[in-house]
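Student: Can you walk me through this model? I'd like the surface, then the inside.

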Amino acid sequence: MTDEINGGPSTNFWIIGGAALIWNLVGLVFYYMEVTATPESLASLTEGQQAFLAGKPAWATSAFANAVTTGVLGSLLLLLRKHLAVLVFAVSLAAIIVQNVHAFLLADGLEVWGTSGLVMPALIIVIAVALLLYSRAAKAKNWLV
């Protein structure tokens with residue numbers, strides 16, 4: 001018998017949870033790369049992009065840290081079938097929005113990074129919303145306790 005027949009999550013649940021964890025761990029790596037960037041590693045960026053990163057306020061960097069950390073935690077909680085995953089994914093989404101408010105409304109990131117710079121933030125928001133909705137659906141199906 002499968003878990004789904006017994007009222008537990010399907011195989012897709014575990015695939016989505018695993019993919020979510022990998023996705024959020026990659027985000028954590030990008031955060032680490034940003035906060036540990038050296039002048040040599042930033043040399044490939046334009047002057048405007050370097051200035052954008054250098055002028056990023058602590059609260060925006062904190063939002064990035066919060067977004068990726070809670071994304072990883074939410075993914076782990078999802079895989080552990082804990083209902084707290086829903087709240088943690090909501091916090092992650094809120095932090096992503098805060099981070100993007102800085103980047104695109106307050107700091108004019110669109111001018112610095114160009115329209116192609118919108119692709120990844122948009123994808124991140126879509127995935128964060130999808131993970132929040134998926135965790136809510138899993139909770140409604142009693143897959144999360």
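Student: Which residues form the nonpolar patch on the surface?
Tutor: I22, V26, V29, F30, Y32, M33 and V35, with about 710 Å² of accessible area together. Patch residues have over 30% relative accessible area and no salt bridge, and nonpolar side chains are joined within 5 Å. A salt bridge is a Lys or Arg side-chain nitrogen within 4 Å of an Asp or Glu carboxyl oxygen. Areas are Shrake-Rupley, with a 1.4 Å probe.

Student: Where is V29?
Tutor: In helix α1, residues 11–35. Helices are DSSP runs (H or I, at least four residues), numbered from the N terminus.

Student: What are these numbers based on?
Tutor: This is a predicted model, where local features need pLDDT of at least 70, side-chain atom pairs need 80 or more, and totals for chains, interfaces and linings use all residues. Residues count from 1 along each chain, and side-chain values use heavy atoms, without hydrogens or water.

Student: Now inside. Is T70 buried or exposed?
Tutor: Buried, because its relative accessible area is 12% and the cut-off is under 20%. T70 lies in helix α4, residues 58–79.

Terms used:
Helices (H or I, at least four residues) and strands (E, at least two) are DSSP runs, numbered from the N terminus. Buried means under 20% relative accessible area, exposed over 50%, partly exposed in between (1.4 Å probe, protein chains only). Patches are made of residues with over 30% relative accessible area and no salt bridge: like charges are joined within 9 Å, nonpolar side chains (Val, Leu, Ile, Met, Phe, Trp, Tyr) within 5 Å.
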